[in-house]
Structures are given as structure tokens and as C-alpha cells.
Amino acid sequence: MMSLTGILPRRAAIASAAALMVLVFLSPAARADEAAEDFMRGIVDEANIVFEAPDEQARFDGIEALVDKHVDMKRVAMFTLGQYARQITDAQKEEYFSLFDRYAKLVYRESLSNYSGQRLEVTGSVDRSPRDIIVNSRVVGAKPGDRYADLVVHWRVYRSDEGEMFIFDAGANGVWLAIEQQSQFKSIIANNGGGAGGIDALIADLKAKLDG
Amino acid sequence: MRGLAGRCGAIALIAAMVGVQPAAAQLGNVGETETTTADLEHAASETGGAEGDPWEGFNRKMFSAHLFIDGNFLVPGAKAYRAVTPKPARKGLRNFLANAAMPKTLVNDLLQGKVGRAGETTGRFLINSTIGFLGFADPAAKLGVPPHTEDFGQTLAVWGAGSGPYLFLPLFGPSSLRDGFGAAVDIGFDPLFYIRTDPAAYARYSRAGATGLALREPLIEPLEDIEAKSLDYYASLRSFWLQARKREINDGVTNFEDLPDIGDYEELDELE
């Protein structure tokens with residue numbers, strides 16, 4: 001039987017082994033970030049109080065206040081434009097930021113309303129970089145077979161140059177809100193000719209959605 | 001025989017699409033203007049962007065056709081099904097259908113070399129088919145063996161095949177070229193497929209119909225919500241599906257490495 005080294009030229013095999021070693025040493029292992037976990041623990045504690053509110057409007061208001069305080073909405077707004085972020089004009093930006101803020105809050109409050117009556121707890125974190133950390137949480141007391149049993153709620157935390165932390169995105173079981181918004185928005189911009197014209201179409205669509 | 005012909009037709013359709021791919025990809029490029037290195041880097045780090053959907057024009061037509069069928073037949077059917085059945089019965093039917101689909105998961109567990117998961121699948125099948133009343137209950141989950149599903153699309157992914165273009169087909173819903181092809185192959189992993197008698201054919205058709213209703217019924221509200229919130233329902237579903245599928249292929253483990261980067265926006269840093 002022919003061995004693997006017999007098939008591969010020896011030098012190529014050594015080169016690829018060396019390349020693999022370099023990769024292993026160069027790529028820093030993802031680590032937990034306790035400061036980011038503590039940051040999210042504080043927010044989750046506040047959210048748990050909001051989830052307890054019996055009145056839907058009170059929950060909506062509570063979630064919107066938390067989003068206002070902790071989500072870096074302008075950064076998310078720019079992210080959701082994808083490559084078109086470099087083409088937005090200053091005048092468009094002003095209008096887009098304000099519409100996106102309203103739209104994202106609507107999405108957040110509806111998504112987080114699913115946890116009404118539940119309590120979340122932070123379970124750990126993984127840092128993609130010192131400025132980009134995923135904090136995971138789960139519903140307390142979910143039993144096997146429950147709706148929430150295998151659910152992991154993720155929070156993507158952004159740390160600024162000054163060390164201040166904000167929420168950048170939220171997701172559940174690997175499905176992220178801002179990534180989904182980016183997919184929609186890029187599609188709308190591209191299907192309307194791209195560039196500033198495409199962004200105008202997106203702004204019009206946002207207005208139509210929010211103001212009916 | 002008609003069933004077989006239909007399946008061959010579906011496989012032929014997918015095969016024909018493979019042939020169409022280069023032309024479709026070229027068409028997709030016509031409208032593009034300048035592409036910079038930064039754009040390409042950005043595109044490479046995308047999750048579920050339009051970059052994975054060179055057949056968007058075709059897919060959107062199929063999506064419209066699907067919405068028509070969905071709104072006129074599937075949703076009313078699912079609502080009627082909900083109206084005449086109690087919740088535990090619907091859950092029981094979902095369990096039963098999932099249990100009946102276990103041979104497919106088992107074959108794909110084995111094809112992926114996941115012997116432990118194949119053992120779980122077999123254990124679940126034996127437990128649920130017996131003390132689980134033919135699969136209507138799921139005592140295996142309570143005994144600590146949670147359900148999982150595998151399909152040939154996932155097997156191909158584990159073997160290293162890329163997803164290929166995103167594909168949306170009426171009734172089948174969101175998929176990709178690889179996963180659509182996988183679904184066609186999975187038909188061959190169904191024991192009923194090989195019993196060519198009338199009762200077996202009725203059983204297959206009834207199961208297909210029941211599966212459609214059982215899967216659509218719990219999605220009535222979630223899909224309504226997504227449609228209500230989205231600016232572009234097609235793109236929204238595409239992204240949700242692509243993101244969720246990635247995790248499913250990874251056996252429920254979320255990979256944070258391949259998320260698109262947050263991005264530096266200098267003008268924002270100046271504001272802060």
C-alpha cells in the first residue's frame with residue numbers, strides 16, 4: 001500500500017506541515033472575557049426585571065430603554081449597509097440613522113418579548129478579538145423538551161478604543177439580527193441600482209415600514 | 001411509478017441547474033460596477049449576503065410562486081389542522097414523523113463517521129418506537145438522549161462540499177444546490193421507497209402530506225412575524241436559513257470565528 005508521504009512529494013509535505021505550525025502559533029486561541037461577561041450580566045439583570053412586567057407596553061418601553069442605553073446603534077446602522085457604508089452621503093446618513101434606530105428597536109422589542117416571564121443568565125464568553133466579544137446566555141431553569149431547553153442567546157459586545165463596552169448584535173442559536181438586517185439591506189440597495197440611489201430606496205422602504 | 005418519475009424530474013431539474021450555473025453567475029455580474037479589494041474582502045467574510053445567491057432572480061420567482069401556494073393552500077391547511085387537533089396530538093404527530101425519519105439520520109450519521117451519534121439515533125429509535133408508543137412520545141429525550149437530525153446535504157458538507165448557490169423551490173422552501181441534491185438522495189434512504197405496493201405508496205403520500213402540515217403549523221406565527229418585520233421578506237428568510245443551516249451542519253455548535261467583522265467606521269470613532 002502506498003503511504004501518504006509516497007503520494008505527496010516530501011518537500012511539499014514538510015512545507016505544509018510547517019505552514020500549519022505557523023498558523024497554529026499565529027492564531028490566538030479564543031478566550032473568555034470576564035469584563036464583557038460582567039457588562040452583560042448587569043444588562044441581563046435589568047432585562048430580567050423588564051421581562052417580569054405583566055403589561056406588554058411596559059415591557060416594550062423597558063426593552064427600548066435598555067437598547068437606547070447599551071446598543072451602539074450607529075455602528076450597527078453602518079454595519080448593516082455592508083460595502084455600501086462607504087457610499088452613503090452625509091444627508092442620507094442623518095435620515096438613515098434615525099430610521100434605523102426606530103426599526104432596530106422594533107425588532108429588538110419583538111424579539112426580546114419572547115422571553116417575557118423568563119430569566120436569562122450569562123453562561124460564558126468567547127473573544128473574537130479584544131474588541132469583539134461574544135457573551136452567551138440561556139434561559140434559567142429550562143428543562144429538556146422545553147421551548148427554551150437548547151436555546152443559547154448570544155450578545156456581541158463591542159469594546160471601543162477607550163475601553164467602553166456596547167452591545168453590537170444579539171442572536172439566538174447562531175442566528176444574528178444585524179447580520180440578517182445587513183442581508184436584507186444590501187439586497188434592497190443592490191436591487192435598486194446600488195450606491196446613493198440604492199440607499200435612497202432603502203430609506204424609502206424603512207419609512208414605509210415604520211410609518212405604514 | 002408516477003412517484004419515481006416525479007423524483008427523477010426533480011433530480012433532473014437540479015442537474016439542469018448545475019449546467020445553468022455559469023451563465024447565471026455571469027448574468028449576476030452584469031449589473032455590478034466597481035469592485036475594490038476591500039469589497040472582495042468584505043464579501044469573503046459575508047454570512048448570507050447576496051454573494052451566495054447568484055440565482056436570486058430565479059429564486060425570487062420561485063419564492064413568489066411559493067408564497068402563492070403557501071397563502072392559498074398551506075397556511076389555510078395548517079390553520080384547519082390546528083383547529084381540529086389538540087396541541088399534544090400535534091406534538092405527538094411531529095414526534096412520530098421525526099421517529100419515522102430516523103433511518104435517514106442514521107445512514108447520514110454513519111456516512112459522516114459519527115458512530116456515537118449513530119448510537120444515539122438507534123437508541124432513540126428503539127426507545128421511542130417501543131415505550132414511546134410507536135414514536136408518538138419522546139421518552140428518549142427525557143432519558144437524556146436529545147434528538148438530532150442529519151441529512152445528505154449535511155453529509156456532503158462534512159465531506160467538504162461547499163453549499164453552492166442558494167436555492168429556493170416552491171414547497172421545499174430555502175435550500176442550496178448541495179442541500180437540494182442531498183434531499184433528493186435522502187429519498188433513497190427511506191425504507192418505504194423500496195416497497196412498491198399500493199399501501200406503501202399511500203403511506204408515503206400520506207406521510208408527505210402530514211409532514212407538510214406538521215412542519216408548517218408551528219411556523220404560522222413565526223413566519224408571519226418575520227414577514228411583518230422585514231423590508232425584504234425573501235432576503236430575510238434567506239439569511240435566517242443560511243445562518244441556521246451553518247449551525248445545523250456543525251451539529252448545533254455555533255462557530256463565532258466566521259462572523260463578519262464589525263468594521264471600523266472612523267466617523268463614528270470621532271463622534272465618541
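## A residue at the end of a helix

With 14 C-beta neighbours inside 10 Å, Glu52 of chain A counts as partly exposed, because that class lies between the 12 or fewer neighbours of an exposed residue and the 20 or more of a buried one. Keep in mind as you look around that this is a predicted model.

Glu52(A) belongs to helix α3, which covers residues 34-52 of chain A.

## Chain A as a whole

Now step back and look at the whole chain. Chain A contains 8 helices and 5 strands. If you follow the sequence, they come in the order α-α-α-α-α-α-β-β-β-β-β-α-α.

How many of the 212 residues of chain A count as buried, as a percentage? The share is 35%. Contacts tell another part of the story: take those in chain A between residues at least 6 apart in sequence, and 55% of them join residues at least 24 apart.

Let's move to the strands. Strand β1 of chain A (residues 120-129) and strand β2 of chain A (residues 132-139) run antiparallel and are joined by 8 bridges. Together β1(A) and β2(A) make a hairpin, with 2 residues between them. On its other listed pairing, β2(A) is joined by 6 bridges to strand β3 of chain A (residues 153-159), and these two also run antiparallel.

Asp132(A) is a handy residue for tracing these pairings. In β2(A), Asp132(A) is the bridge partner of Ser129(A), and in β3(A) the bridge partner of Asp132(A) is Tyr158(A). As a general point, side chains in a regular strand alternate between the two faces of the sheet.

## Two helices that cross

Two packed helices are described by the angle between their axes and the distance between the axes. Helix α7 of chain A (residues 177-191) packs on helix α8 of chain A (residues 195-211) at an angle of about 125°, and their axes are 7 Å apart. The two helices, α7(A) and α8(A), are therefore oblique to each other. The crossing of α7(A) past α8(A) is right-handed.

Which residues in α7(A) meet α8(A)? They are Phe185(A), Ile188(A), Ile189(A) and Ala190(A), and on the α8(A) side they meet Gly198(A), Ile199(A), Ala201(A), Leu202(A) and Asp205(A). Sorted by class, this contact of α7(A) with α8(A) has 7 nonpolar, 1 polar and 1 charged residues.

## Where the chains touch

The two chains touch as well: 37 residues of chain A are in contact with 35 residues of chain B. On the side of chain A that touches chain B, the elements giving two or more residues are α5 (73-79), α6 (90-112), β1, β2, β5 (175-176), α7 and α8 of chain A. The largest share of that side, 8 residues, comes from α7(A). By class, the side of chain A that touches chain B has 17 nonpolar, 10 polar and 10 charged residues.

## A mostly covered helix in chain B

Finally, look at helix α5 of chain B (residues 102-111), which is mostly covered, with 7 of its 10 residues buried. Among these buried residues are Met102(B), Leu106(B) and Val107(B), and also Lys104(B) and Asp109(B). After α5(B) comes Gly113(B), with a positive phi near 75°.

Technical notes: Residues numbered from 1 in each chain as written. Chains lettered and ligands numbered in written order. Predicted model: local features only at pLDDT ≥ 70, side-chain atom pairs only at ≥ 80, totals over all residues. Pairing = 2+ DSSP bridges. Helix = DSSP H or I, 4+ residues; strand = E, 2+ residues; numbered from the N terminus. Axes fitted to C-alpha atoms, helices over the stretch in contact; angles between N-to-C directions. Parallel < 35°, antiparallel > 145°, perpendicular 65-115°, else oblique. Left-handed = near helix turned anticlockwise from the far one by under 90°. Contact = placed C-beta atoms within 7 Å. Nonpolar A, V, L, I, M, F, W, Y, C, P; charged D, E, K, R; others polar.
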